[in-house]
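Here is a short tour of a protein model, written for someone who is new to reading structures. Keep the picture open while you read, and look up each part as it comes along.

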Amino acid sequence: MKKTVKRVKVKQEESVSLSLTVNGNRHVLKVRPAALLLDVLRDVLKLKGTKPGCHEGECGACTVLVNDIPVNSCLYLAVRAEGKKITTVEGLTGPGGALSAVQNALVEEGAVQCGFCTPGMAISMQALLNTHKSRKKSGRGTKSLSRDDIKKHFEGNLCRCTGYVKIIDAAEKLLAQSE
């Protein structure tokens, strides 16, 4: 008896449409359904500032803001970003390449070290500043954040070069300037 071999054609993974705004620029893209936001930012949009670190959500090097909320882009499916506003470290820079208040604070305090974790730290610092300003504006947060409060905010960001002192100094200085 002759055995029949059934051939099955494996479909290539289909792509889906994705519309999102990155650093103020709207993009409509075709991406794989399982594509990670980190990969879309780096490989499709060529925004290399967001760093691939651990790919497990532990180091925070890939932190970006999604609708002003910090997320680990290595764990965030790109399709979840549909219709959302994404801010990467490139989006912190002002017109003409001017450094933002966050970037200035990091530079002035010597808190950049090797630079690998800096984009994630800068984005987390921007999120802290946004939250602080929002609370002050609404009257919900009239108390200044303590150094321990600031340290707690950065728990999701690892730096293998420093003891975090200069990074916390930069955040403390930035928040004091925003008062």
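## Two strands side by side

Let's start with strand β3 (residues 63-66) and strand β5 (residues 85-87), which pair in the antiparallel sense over 2 bridges. Across this pairing, L65 of the chain sits opposite T87 in β5. One thing to keep in mind as you look around: this is a predicted model.

## The whole sheet

In what order do the strands of the open sheet lie? The order is β2-β1-β5-β3-β4, which gives 5 strands with mixed pairing. At the edges stand β2 (25-31) and β4 (69-72), each with a single partner strand, so one side of each has no neighbour in the sheet. From one strand to the next, the twist averages 40 degrees.

Where does the "mixed" part show up? Take strand β1 (residues 16-22): 7 bridges join β1 to β2, and these two run antiparallel. On the other hand, β1 and β5 pair in the parallel sense, over 2 bridges. You can find a facing pair in each case: T21 stands opposite R26 in β2, and V22 stands opposite I86 in β5.

Most residues other than glycine have a negative phi. With that in mind, have a look at a few spots in this model.

β1 and β2 form a hairpin with 2 residues between them, and N23 in that turn has a positive phi of about 55 degrees. Next comes H55, found in the loop between α1 (37-44) and β3. H55 is not a glycine, yet its phi is positive, at about 60 degrees. Its relative accessibility is 43%, so H55 counts as partly exposed.

With a relative accessibility of 35%, D68 counts as partly exposed.

## A look inside helix α3

Back to helix α3, where you will find S124. Is S124 buried or exposed? Its relative accessibility is 4%, so S124 counts as buried; the cut-off for buried is under 20%.

Which residues does S124 touch, leaving aside its neighbours within four places in sequence? It is in contact with T63, H153, F154 and N157.

## Two helices packed together

Two packed helices are described by the angle between their axes and the distance between the axes. As for handedness, α2 passes α5 in a right-handed crossing.

Who makes the contact? On the α2 side it is A101, V102, A105, L106 and E108, and on the α5 side it is A170, K173 and L174. Sorted by class, the contact of α2 with α5 has 6 nonpolar residues, 2 charged residues and no polar ones.

Note on methods:
Residues are numbered from 1 along each chain as its sequence is written. This is a predicted model: local features need pLDDT of at least 70, side-chain atom pairs count only at pLDDT 80 or more; totals for chains, interfaces and linings use all residues. Side-chain values use heavy atoms; hydrogens and water are left out. A crossing is left-handed if the near helix is turned anticlockwise from the far one by less than a right angle, and right-handed if clockwise. Helices (H or I, at least four residues) and strands (E, at least two) are DSSP runs, numbered from the N terminus. Contact means heavy atoms within 4.5 Å. Ala, Val, Leu, Ile, Met, Phe, Trp, Tyr, Cys and Pro count as nonpolar, Asp, Glu, Lys and Arg as charged, and the others, Gly among them, as polar. Two strands pair if DSSP finds at least two bridges between them. Axes are lines fitted to C-alpha atoms, for helices over the stretch in contact, and angles run from 0 to 180 degrees between N-to-C directions. Buried means under 20% relative accessible area, exposed over 50%, partly exposed in between (1.4 Å probe, protein chains only).
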